[in-house]
Amino acid sequence: MLEKIKSLFGAPEQKASTTARLLAFQGGGRARWTPRDYAALANEGYLGNAIVHRAVRMVAENAAACQYLIYEGAVERDQHPLLALLARPNPRQDGASFLETLYAHLMLSGNAYVEAVAASDSVRELYALRPDRMRLVPGLDGWAEAYEYHVAGKSVRFDQTQSAVPPILHLTFFHPLDDHYGLAPIEAAAVAVDTHNAA
């Protein structure tokens, strides 16, 4: 009993490393937010978040499922070159898959680009081009005079003024701070997506 009482008033036990004293601090760190570019947002959102993936798919699939009607005056036309083009826009895609791709690009980028392949001033094929590969070239009046598409180290220039049918249709969502490029819904929600992915 006397030994127990002595130990209460004695010197505290000391521990030390045989190689060196060690003191470790750990902080909370800093948040690492996803960069605001198409590839990063598509990767963290569409590819890495089930909610974003499903939301984009639901919008794209339902918008692509809409039926189009053609009227000439007050008369509805069952057959028309535009209906045929929308049903089969190019040899690789049917109308629904083309439109789903186009709407998904618009949701993930805020921008969507359609290339119109024309012959004799008549559009024969439509292609949805990836928005991260496209660059707008403004003219002196501020409107797009051309678009440049970059892939695999090569560039294709689409001049908007050289033919009766401009080769590129640029669709955008409203962006309050940009005159040329749209604001993607996923960009506005990027912090929430990052927080959800981290959880």
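Tyr147 is buried in this predicted model, with a relative accessibility of 5%. Its ring forms an aromatic pair with that of Tyr113, and a search of the whole structure finds one such pair. The chain that holds the pair has 199 residues, of which 30% are buried.

**The aromatic pair**
- The arrangement of Tyr113 and Tyr147 is edge-to-face, with 5.8 Å from centre to centre and 70° between the planes.
- Tyr113 belongs to strand β3 (residues 111-119) and Tyr147 to strand β6 (residues 144-151), so the pair ties together parts that are 34 residues apart in sequence.
- Tyr113 is buried as well, at a relative accessible area of 1%; this value and the 5% of Tyr147 both count as buried because the cut-off is under 20% relative accessible area.

**The nonpolar cores**
- The largest nonpolar core has 13 residues, and the members that touch the most other members are Phe98, Leu99, Leu102, Tyr103, Val114 and Leu126.
- Two or more residues of this core come from each of α3 (50-64), α5, β3 and β4 (122-129).
- Helix α5 supplies the largest share of the core, namely five residues.
- Leu99, one of the core members listed above, touches Ala64 and Tyr68, leaving aside residues up to four places away in sequence.
- A second core is separate and contains twelve residues, including Tyr38, Met107, Leu108 and Val193.

- Asn90 sits in the loop between α4 (81-87) and α5 (95-109).
- Although it is a loop residue, Asn90 is buried, with a relative accessible area of 3%.
- A polar atom of the Asn90 side chain lies 2.9 Å from the backbone nitrogen of Arg92.
- The Asn90 side chain also reaches the backbone oxygen of Leu126, at 2.8 Å.
- Beyond residues up to four places away in sequence, Asn90 touches Phe98, Glu125, Leu126 and Tyr127; among them, Phe98 and Leu126 are also members of the largest nonpolar core.

**The chain as a whole**
- Seven helices and eight strands make up the secondary-structure elements of the chain.
- Of the contacts between residues at least 6 apart in sequence, 50% join residues at least 24 apart.
- The chain exposes about 14,300 Å², and carbon and sulfur atoms supply 57% of this area.

Terms used:
Residues are numbered from 1 along each chain as its sequence is written. This is a predicted model: local features need pLDDT of at least 70, side-chain atom pairs count only at pLDDT 80 or more; totals for chains, interfaces and linings use all residues. Side-chain values use heavy atoms; hydrogens and water are left out. Helices (H or I, at least four residues) and strands (E, at least two) are DSSP runs, numbered from the N terminus. Buried means under 20% relative accessible area, exposed over 50%, partly exposed in between (1.4 Å probe, protein chains only). Contact means heavy atoms within 4.5 Å. Accessible areas come from the Shrake-Rupley method with a 1.4 Å probe; for residues, only the protein chains shown count as cover. A polar contact is a pair of N or O atoms within 3.5 Å; within protein, one must be able to donate a hydrogen and the other to accept it, and residues adjacent in sequence count only if both atoms are side-chain atoms. Rings of Phe, Tyr and Trp (its six-membered ring) pair if their centres lie within 6.5 Å; planes under 30 degrees apart count as stacked, over 60 as edge-to-face and the rest as tilted. A nonpolar core is a set of buried Ala, Val, Leu, Ile, Met, Phe, Trp, Tyr and Cys residues joined through side-chain atoms within 4.5 Å.
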